Amino acid sequence: MDEGYANLPTSHLLGSVPAVTPEERKPAGPAEAATSRLQQFPPAPGATGGGYQPPGSPLDGDVETQTNWKGYFNVASYAPYFNVDTDVVVDRLISSVYPMDGFFRKIDANPDMYGPLWITTTLIFMLAAFGNFATYLMQRKTDLNIWNFDVGYFNWAATVMYGYAIVVPAAFFFLFQYFGSRPSLVRFWCMWGYSLFIFIPASILLLIPVEFLRWVIIAGAGGASSWFIALNLKECTEGADMMVLIASASVLQFALALFIKVFFFA
Amino acid sequence: MSHPHPQGDTVPLHPSSAQSDMDEIESLIHAAPTAAAVLPARPSSPPRASIPISNSPPVAAPTSSKPQPVPPFSSAVSSSSAPPRSASVTIPIAADGFGAPPNTLTEPVWDTVQRDLSRIVSNLKLVVFPNPFREDPGKALRDWDLWGPFFFIVFLGLTLSWSASVKKSEVFAVAFAVLAAGAIILTLNVLLLGGHIIFFQSLSLLGYCLFPLDVGALICLMKDNVVLKIVVVAVTIAWSSWAAYPLMSTAVNPRRKALALYPVFLMYVSVGFLIIAIN
């Protein structure tokens, strides 16, 4: 019975190595089952409590009969990552601006992908729109009339932001695993996504056509974001010799801030 | 052996059987209940009843559309059975009891276009303008279609592309991609937040809500005044959001209403910004 072995319900064990949590960070009891299932990405379909069942889909409560790869194409299997309410999202957004607010503790039990997805999308539109507006204001100061709306900003912004938000956390996930720590990919994506939120008000402020002020603003935003990343990485990975990785993550975040200033708000 | 078919809509595929026409038809009349089951797949005739032009009472007896090449002038046998012009008599398979439904394949193109246009207009009136169905948005767009949204998205892309002075094709590409992918992602967003929504109905609604932005883009194309553009775009964004609000907000849990509505607003604002800024 070969196929029986392939379909054993061991998919929930993949990657869900029990994390060594300090005492004060033990997740709430009823959420423990949800935590372990949320460790692997994506969870098996039907393995969620109260997950959305799309109309017309077979109501299969058992995991064994569904092969693993189908979970990637089923909308319902991503629904647990969007299990947040408005107030929860707003709370996480606010705590992402102040680096010392214990952000990681908030997302540990229920990491969400709604925040990263819409923060990056909003940032793309803001960068493209305000970048164009900023160049318009700058060239108006020099009294030339050759400004044209550069729609290429949309393409660049989309490539850079989506690429950064997806690739960098994945790369650090693999690096951290290689060096022995046990991170969780979804929490990395969630944290990096929320770390980009501070660039949204920064990009509004970067409209001010004073060059020195712009550099001050972007340095402030980049610094806060890098500090946020460093603090939360240190909290979620226990080893002290990860300093190199943590430092490189912060430097990368600051480099992103500089790139935003140089490319979009030149 | 050429058969001038005046109607010209069906071409028999197979050579005639060994029986004579009359024998064939008689055997088919007697074997009527099963004839429908063995109806061969014909690529050119619709699976609905068709009213042949020469509809004489005996034709109501189920004669199958066996693809026999009926000679056009075999008047001796064909006057009461298969019409002399073509072998397109079909069994009334559509068992809805209303007689023969209209044949949408052989109707004039103008009829088809007119029907689709009238559906677009009626859907538009239901979605974008005040109407008694706003309480139950699912019922409003019961008869959703995707022609309207397609037309509005392409029109908006064309208008933006027309008013751009550089990189016209890129402007169209960005506008089209943002609107089309945006509609899909917005619907998926509602589904992922645990909402109850029909995928294509939501796509259809988001497409129809672009109509005010189309009007705004057209006005901005005509008059190139910045202040006017800002005012017009602000009004049209408000109108679009007002039109899209009922379906999106009732589809999700009330505690997540803002999470579902914000991306809609984001999409319309970004398109509005494109309309203002393109010069």
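**Entry 1: polar contacts between the chains**

I began with polar contacts and counted 10 residue pairs between chain B and chain A, both partners at pLDDT 80 or more. I note here that the model is predicted.

Next I asked which elements of chain B supply at least two residues each to the side that touches chain A. I found α7 (168-192) and α11 (257-277). The most comes from α11(B), with 11 residues. I then sorted that side of chain B by class and got 21 nonpolar, seven polar and five charged residues.

**Entry 2: contact and buried area**

I looked up how many residues take part in contact. On chain B there are 33, and they are in contact with 24 residues of chain A.

I also looked up the area that the two chains bury between them, which is about 2600 Å². Carbon and sulfur atoms account for 67% of that area. Which residues of chain B lose the most area to chain A? I wrote down B:Leu192, B:Leu259 and B:Phe273, which together make up 23% of what that side buries.

**Entry 3: salt bridges**

I reminded myself that side chains of opposite charge can pair when their charged atoms come close. Between chain B and chain A the count is three.

I looked at B:Lys167 and found that its salt-bridge partner is A:Asp150. The closest N and O atoms of this pair are 2.9 Å apart.

I then looked at B:Arg256, which forms a salt bridge with A:Asp85, with 2.8 Å between the closest N and O atoms. Why does this pair join two chains? B:Arg256 lies in the loop between α10 (226-251) and α11 of chain B, while A:Asp85 lies in the loop between α2 (30-38) and α3 (86-97) of chain A, so the pair joins two chains.

**Entry 4: a nonpolar patch on chain A**

Last, I looked at the surface of chain A. I found a nonpolar patch formed by A:Leu205, A:Ile208, A:Val210, A:Phe212, A:Leu213 and A:Val216. Together these residues have about 520 Å² of accessible area.

Which helix gives the largest share of the patch? I traced it to helix α9 of chain A, residues 211-236, which contributes three residues. A:Val216 is in this helix.

How values were computed
Residues numbered from 1 in each chain as written. Chains lettered and ligands numbered in written order. Predicted model: local features only at pLDDT ≥ 70, side-chain atom pairs only at ≥ 80, totals over all residues. Heavy atoms only, no water. Contact = heavy atoms within 4.5 Å. Buried area = accessible area lost by both parts, 1.4 Å probe. Salt bridge = Lys/Arg side-chain N within 4 Å of Asp/Glu carboxyl O. Polar contact = N/O pair within 3.5 Å; in protein donor to acceptor, adjacent residues only side chain to side chain. Helix = DSSP H or I, 4+ residues; strand = E, 2+ residues; numbered from the N terminus. Nonpolar A, V, L, I, M, F, W, Y, C, P; charged D, E, K, R; others polar. Patch = residues over 30% accessible without salt bridge, like charges linked within 9 Å, V, L, I, M, F, W, Y side chains within 5 Å. Areas by Shrake-Rupley, 256 points an atom, 1.4 Å probe, with all protein chains shown as cover.
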